Amino acid sequence: MRNFIFIIRRFFNLILFAVLEIICFILIAHSHTLQGDDIVSSANAVAGIAYKKQTDLFYYISLGKMNDSLLSENVRLRKLIDNYKTVDTLKDSAVHLALVNNDTTVHVVKYADYIYRTARVINNSVDGVNNYITINRGTSDGIARGMSVISGTGLVGRVEYVSAHFASILSILSIKQQVSAKLKDGTFKSTVWDNEKPDIFMMKDMPAEIKVRKGDSVFTTSFGNTFPPDVLIGTVTRGELNKKNGKQQLFLKPATNFRSLEYVYVLENVMRVEQKQLEDSAVKK
Amino acid sequence: MNVYFKNILRFCLIVILQVFILNKITLHWFTEPAGALFVPFVYPLFIILLPFETPVWALLFSGFLLGVTVDIFMTTAGIHACAMVLIAYLRTNVLNALMPRDLDEYMHQQPSIKNMGWVPFLVYSGFLILLHHLVYFVIESWSFSSFGSLMLKVVASFVTSMLFILAYILLFTRPNKIRG
């Protein structure tokens, strides 16, 4: 027994070394199985918190870059969605699904092709009678007068003035500009804004028999050639019956938050020039 | 400053330096831009800089602890700990071979360029770092099938690590006091 203790004391360091190395190899061996890797991994609490703190710190610094990449990604996705938006000319309805090419019973035209351009809002107002938004894109980036502008959530407005590197957008918070709108059931009416708050739009003189519920979506139409169809304008917050003429007023909450607008998309309708030419020649005759 | 406090502080500093800064830098050997990624390892410096008279068992435990800490952050499960325990065990022997006197005579001193001279310190730290890298990369790849690239990785990492370690030492050593 004394000899044993003596040996242990004499080779204590070597034994400790061997034990620690064996522990290491057990850990390594564990990590090579699927069930292992739980004890020593960055998924545990301490390392997780430390890494999270670090990521939080660098997240803020890289936010700008991240935003730009997300924007370009969004543009690509919107373009993809547009490729599936076609019109079945026989049934005269918008088709939102991919159509099989060899199906000869439907005749499909792509009626509009939109080019999306991203822009950053550099000046914004919500308190005027006609509110303008300035963006950091101009003619040098392909922006032209009359292009419609949307945000990630809904309609924003229309390009009104363009310079070489900037453009001024007349937002739909304007008494000048009425937006042709439609409800889910297809009722058309234009929305107006009575310069009270940037949070309330109205649709006046709706027939009383139309049942509208709170939360119903209101979309743009393609009438007037100003805006692309089916862009969300807002949602109905309440309806009010006007006793005098028996019609109802709808109050809308805009889908775009104009107070905190950061990025917008400018839409160029590729077919618009052709359409305009045709309509103008028809008027002349 | 208390020697324990000082070393605990250095432990934390080195782990933070290694995990949050150096691990984010991936270098590559300049001849093949796509291949042989590696990370410079500075954390074995903690073992290298412990005082001369530190007993072997303390070296082993602190090396194991440091290795496991780095393992936790790098999800390498014991590989760093294994290499660290090995160099912690061999440290005393290397120092004994390099130093002219017995280690117990250097009380309250730590291995440094000032105490050992440039060449012995570089040989001492270089040997331990090279051993650490060799063990680490061999266990990591766990095969000798691509022996050439493995050795390239070891040598490249060794050179970079030594550069970083020298930078660390030159940064964090107090300049010699002027003796009057």
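## Chain B: overall make-up

Chain B of this predicted model contains 7 helices and 2 strands, where helices (H or I, at least four residues) and strands (E, at least two) are DSSP runs numbered from the N terminus. Read along the sequence, these elements follow the pattern α-β-β-α-α-α-α-α-α. Of the 180 residues in chain B, 31% are buried, a residue being called buried if 20 or more other C-beta atoms lie within 10 Å of its own, exposed if 12 or fewer, and partly exposed in between, with C-beta atoms placed from the backbone. Among the contacts in chain B between residues at least 6 apart in sequence, 69% join residues at least 24 apart; two residues are in contact if their C-beta atoms, placed from the backbone, lie within 7 Å.

Residues are numbered from 1 along each chain as its sequence is written, and chains are lettered from A and ligands numbered from 1 in the order in which they are written. Since the model is predicted, local features need pLDDT of at least 70 and side-chain atom pairs count only at pLDDT 80 or more, while totals for chains, interfaces and linings use all residues.

Helix α3 of chain B covers residues 56-74, and its 19 residues should span 27 Å at 1.5 Å a residue, which agrees with the 26 Å between its end C-alpha atoms; the expected span of a helix is 1.5 Å times one less than its number of residues. Among the buried residues of α3(B) are Leu59(B), Leu60(B), Gly63(B), Phe64(B), Asp71(B) and Phe73(B). In the loop between α3 and α4 of chain B lies Gly78(B), which is buried because 25 other C-beta atoms lie within 10 Å. Gly78(B) and Phe64(B) are 14 residues apart in sequence, and their C-alpha atoms are 9.0 Å apart in space.

Helix α7(B) has 26 residues and reaches 37 Å from its first C-alpha to its last, close to the 38 Å expected at 1.5 Å a residue. Its buried residues are Lys153(B), Ser157(B), Phe158(B), Ser161(B) and Ile165(B).

## The nonpolar cores

A nonpolar core is a set of buried Ala, Val, Leu, Ile, Met, Phe, Trp, Tyr and Cys residues joined through C-beta atoms within 7 Å. The largest such core has 41 residues, and Met84(B) and Val85(B) have the most contacts inside it. The elements that give two or more residues to this core are α2 (12-31) of chain A together with α1 (3-21), α2 (45-48), α3, α4 (79-98), α6 (118-141) and α7 (147-172) of chain B. The most is given by α4(B), with 10 residues.

Leaving aside residues up to four places away in sequence, Met84(B) touches Pro44(B), Ile47(B), Gly63(B), Phe64(B), Leu66(B) and Gly67(B). A second, separate core of 35 residues includes Ile133(A), Val156(A), Val264(A) and Val266(A).

## The barrel of chain A

In chain A, 6 strands close into a barrel in the order β4-β5-β8-β7-β6-β15, with antiparallel pairing; strands count as paired if DSSP finds at least two bridges between them. The twist averages 45° from one strand to the next, the axes being lines fitted to C-alpha atoms (for helices, over the stretch in contact) and the angles running from 0 to 180 degrees between N-to-C directions. Within this order, β5 (residues 130-135) and β8 (residues 167-174) of chain A pair in the antiparallel sense over 5 bridges, and Thr134(A) stands opposite Ser168(A) in β8(A).

## Other strand pairs of chain A

Strand β14 (residues 247-254) of chain A is joined to β11 (residues 201-207) by 5 bridges, the two running antiparallel, and Met203(A) has Leu250(A) as its bridge partner in β14(A). Strand β13 (residues 232-242) of chain A also pairs with β14(A) in the antiparallel sense, over 8 bridges, with Val236(A) opposite Leu252(A). In the hairpin of β13(A) and β14(A), which has 4 residues between the strands, Gly246(A) takes a positive phi near 70°. Leu241(A), found in β13 of chain A, is exposed, with 12 other C-beta atoms within 10 Å, and touches Ala208(A) and Gln248(A), not counting residues up to four places away in sequence.

Strands β9 (residues 179-182) and β10 (residues 188-191) of chain A run antiparallel and are joined by 4 bridges, and they form a hairpin with 5 residues between them, in whose turn Gly186(A) has a positive phi of about 100°.
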